[in-house]
Amino acid sequence: MNKKSKKVLPLVRKPDFNFDNLDIHYLNNNPVATHFINSLHMIFPDGEKYFIRSVKAFSHKITDPELQERVRAFISQEAQHMNAHKKLWEKLKEQSIAADLFLRFYNYTSFELIEPFTRKFLGDEFPLAVTAALEHYTAVMAEVALYDNGEILRDVPLEMKNMLLWHAAEEIEHKAVAYDVYEEVQGSYPIRVAGMIYATFLLSFYTFLGQAMFMGFDRSINWFDIKDQTERFGTRTKPLFEGVFKNLFEYFQIDFHPDNRDNSKLSDEFLKDFSSDLSKKVVNN
Ligand SMILES: [Fe+2]
Ligand SMILES: [Fe+2]
């Protein structure tokens, strides 16, 4: 397997989404599934802010002008994703006190306690390694989301489904940028592996904590149905967890590169239609 980057230059798109009409259990009337997605909506924006500062910390060290340009596009795409997920926060905060409580806990522990600690003892290279690892996660999750025209998201309300698929497609489009920066400025294999282990632990912990908090504060849950709903959630998300698990280990290969895995067809197909819809929208407005 070669370790060559395809040097894809991401394209910045600025779609606008509207989440005004969102039921409390908008996904199949299933609180377990709904709150799982809600947790991701809460985690992504500050996570993406972390990606941006991790990559930015090394932008002065990047000598390749092509990579510099890809970094700029990566930052702009992640900023758009942040804004799109944040648009949901108001609605989720209206629906549950868990949204605010979770955000406060997540920000304090991740970015005020743990991040400075890791920077101090492991250097700025460590957050960059964590970012490259999480970008592998988002690319693998994106592949599952986009597969078969977004079949796994078929019951998600249309506006949110479009947003998640757009985000997924751009995650595939820019999947190699943070990794290429890491390779250019650091490239140590043990730190890359440590970044993946750390990323796996934190991503799992906060995702399930967020889901548990939304559920714990949800007074409209019928707890007698929860076993059934958890089973249905498990069946529906099986391809996601299987996909993530199967592809996680390729990251540990010494000659791993995100572009070794060709999933660009999925994102290209979606983005082709999406971008033309978007340009129509912009022209019409
Ligand atoms: Fe993103
Ligand atoms: Fe990303």
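Two residues are in contact if their C-beta atoms, placed from the backbone, lie within 7 Å. By that rule, the buried residues of α7 pack against α1, α2, α5 and α8. This is a predicted model, in which local features need pLDDT of at least 70, side-chain atom pairs count only at pLDDT 80 or more, and totals for chains, interfaces and linings use all residues. Residues are numbered from 1 along each chain as its sequence is written, while chains are lettered from A and ligands numbered from 1 in the order in which they are written.

**Helix α7**
- Helices are DSSP runs of H or I with at least four residues, strands are runs of E with at least two, and both are numbered from the N terminus.
- V177, A178, Y179, D180, V181 and Y182 of α7 are buried (20 or more other C-beta atoms within 10 Å of the residue's own; 12 or fewer is exposed, and in between is partly exposed).
- G187 follows α7 and has a positive phi, near 80°.

**α2 against α7**
- The axes of α2 (residues 65-86) and α7 (residues 177-185) come within 10 Å and cross at roughly 140°.
- α2 is therefore oblique to α7 (under 35 degrees is roughly parallel, over 145 roughly antiparallel, 65 to 115 roughly perpendicular, and the rest oblique).
- Axes are lines fitted to C-alpha atoms, for helices over the stretch in contact, and angles run from 0 to 180 degrees between N-to-C directions.
- From α2, L67, R70, V71 and F74 meet V177, D180, V181 and E184 of α7.
- The residues of this contact are five nonpolar, no polar and three charged.
- Nonpolar here covers Ala, Val, Leu, Ile, Met, Phe, Trp, Tyr, Cys and Pro; charged covers Asp, Glu, Lys and Arg; the others, Gly among them, are polar.

**Nonpolar cores**
- A nonpolar core is a set of buried Ala, Val, Leu, Ile, Met, Phe, Trp, Tyr and Cys residues joined through C-beta atoms within 7 Å.
- The largest has 36 residues, and V55, A133, A178 and V181 have the most contacts inside it.
- Two or more of its residues come from each of α1 (31-56), α2, α4 (97-122), α5 (125-150), α7 and α8 (189-216).
- Leaving out residues up to four places away in sequence, A178 touches F51, V55, L128, T131, A132 and E135.

**Before α1**
- N28 lies in the segment before α1, and its phi is positive, near 55°, though it is not glycine.
- N28 is partly exposed because 16 other C-beta atoms lie within 10 Å.
- N29 is also in the segment before α1, with a positive phi of about 55°.
- N29 is partly exposed, with 13 other C-beta atoms within 10 Å.
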